[in-house]
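Student: I am new to this structure. Please show it to me, and then let us talk it through.

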Amino acid sequence: MSGGTSASVPVGLQPDRPSPAKPARRRRPGWAPYVLLAPSVVYLVVFFVVPLLQGLRLAFTGEGGQWGLATVHQLLDDPGFWSSVGNTLIMLALILPVQLVLALAMSLLVNAKLRGSGFWFYVYMLPLGLSDLTSGIIWYSVFTQQGWLNSVLQDLGIINHPYIWLSYQNQLLIIATIVVAEAWRSTSIIVIILVGGLQAIPREYSEAADVFSASPWQKLWHITLPLLRPTLRTALILRTVLAFEVFATVIALAGSSLSVLATKANLAYTQYQEPHLAAAYGILIMLLSLLTTALFLMMLPVRTEQDS
């Protein structure tokens with residue numbers, strides 16, 4: 001045998017070669033996920049899909065059951081329809097910025113984790129324990145002619161006689177009182193959402209800004225708000241949908257002197273006994289909510305960064 005040739009190993013003494021690994025079979029989840037999802041699906045079908053279909057049927061059928069746009073024409077010709085649309089949009093335009101600024105300031109205070117910030121968080125949550133009607137009655141006792149606000153202003157010498165805050169002759173002032181009551185009652189919902197979004201922002205961004213000596217305003221404008229955009233969008237959509245449905249607070253503070261879309265729908269069903277017209281108001285509220293939701297989704301897009 002030549003030195004340059006390696007000795008051959010007998011066939012029986014060759015080491016066993018590892019067989020190629022077989023791909024693991026995916027285990028089927030079975031029926032467990034479907035069983036867990038079944039209660040949610042049943043809830044959505046019973047309390048959302050079925051009422052929606054019934055509302056659409058009522059809104060686009062007449063008294064005789066024939067399909068058409070007779071109810072839509074009745075809606076447009078309904079006395080006070082356009083004023084209720086205007087009042088609803090004005091109230092929405094005032095509620096959103098007021099509550100967003102308040103909720104952002106309150107959530108930043110809680111997230112700063114200063115001494116006593118946890119106590120203030122629980123204070124912010126107290127109005128959530130009250131119903132809409134209870135909140136409206138509380139603020140009615142504040143804004144009524146012999147209420148707390150006039151008493152304080154008279155004691156301070158700012159006014160000489162009680163001021164009528166809830167006069168039917170001043171619609172904008174009544175809307176302003178409703179905005180104040182709604183801001184007190186439901187700002188806490190937005191605070192909860194924003195606090196969760198702030199706590200999800202990694203602290204590395206703030207620490208990097210401190211390295212470059214960024215001011216608190218610069219960190220808020222260039223770091224916090226851009227990273228908080230998805231949370232802000234969710235909060236705005238939720239608050240917009242709830243603003244279109246404001247009912248009990250309006251009834252408690254304004255009574256019949258101010259009409260919004262929700263109160264018009266209630267009057268059409270309870271007082272005028274016209275379920276078709278009430279359903280048309282409900283469908284209109286839903287369409288306006290979907291339209292504003294689409295606007296927020298387009299105006300506040302969420303940028304997803306992908307690793308290259």
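Tutor: Start with a term: buried means under 20% relative accessible area, exposed over 50%, and partly exposed in between (1.4 Å probe, protein chains only). This is a predicted model, where local features need pLDDT of at least 70, side-chain atom pairs count only at pLDDT 80 or more, and totals for chains, interfaces and linings use all residues. Residues are numbered from 1 along each chain as its sequence is written, and side-chain values use heavy atoms, with hydrogens and water left out.

Student: What share of the residues of the protein chain count as buried?

Tutor: The protein chain has 308 residues. Those that count as buried make up 34%.

Student: Which residue forms a salt bridge with D78?

Tutor: A salt bridge is a side-chain nitrogen of Lys or Arg within 4 Å of a carboxyl oxygen of Asp or Glu. D78 sits in the loop between helix 2 (70–76) and helix 3, and its partner is in helix 12 (residues 261–270), 186 residues away. D78 is buried, at 16% relative accessible area. The closest N and O atoms are 3.3 Å apart, and the partner is K264.

Student: Is D132 buried or partly exposed?

Tutor: D132 meets R185 in a salt bridge, 2.7 Å from N to O. D132 lies in helix 5 (residues 132–143) and R185 in helix 7, so the pair ties together parts 53 residues apart in sequence. R185 is buried, at 13% relative accessibility. At 32%, D132 counts as partly exposed.

Student: Which residues are linked with R185 in a network of salt bridges?

Tutor: R185 also forms a salt bridge with E182, with the closest N and O atoms 3.1 Å apart. Both lie in helix 7, three residues apart, about one turn of the helix. Linked with R185 in the network are D132, E182 and R239.

Student: Is L53 buried or exposed?

Tutor: L53 is in helix 1 (residues 32–59). Its relative accessible area is 53%. That is over 50%, so L53 is exposed.

Conventions. Helices (H or I, at least four residues) and strands (E, at least two) are DSSP runs, numbered from the N terminus.
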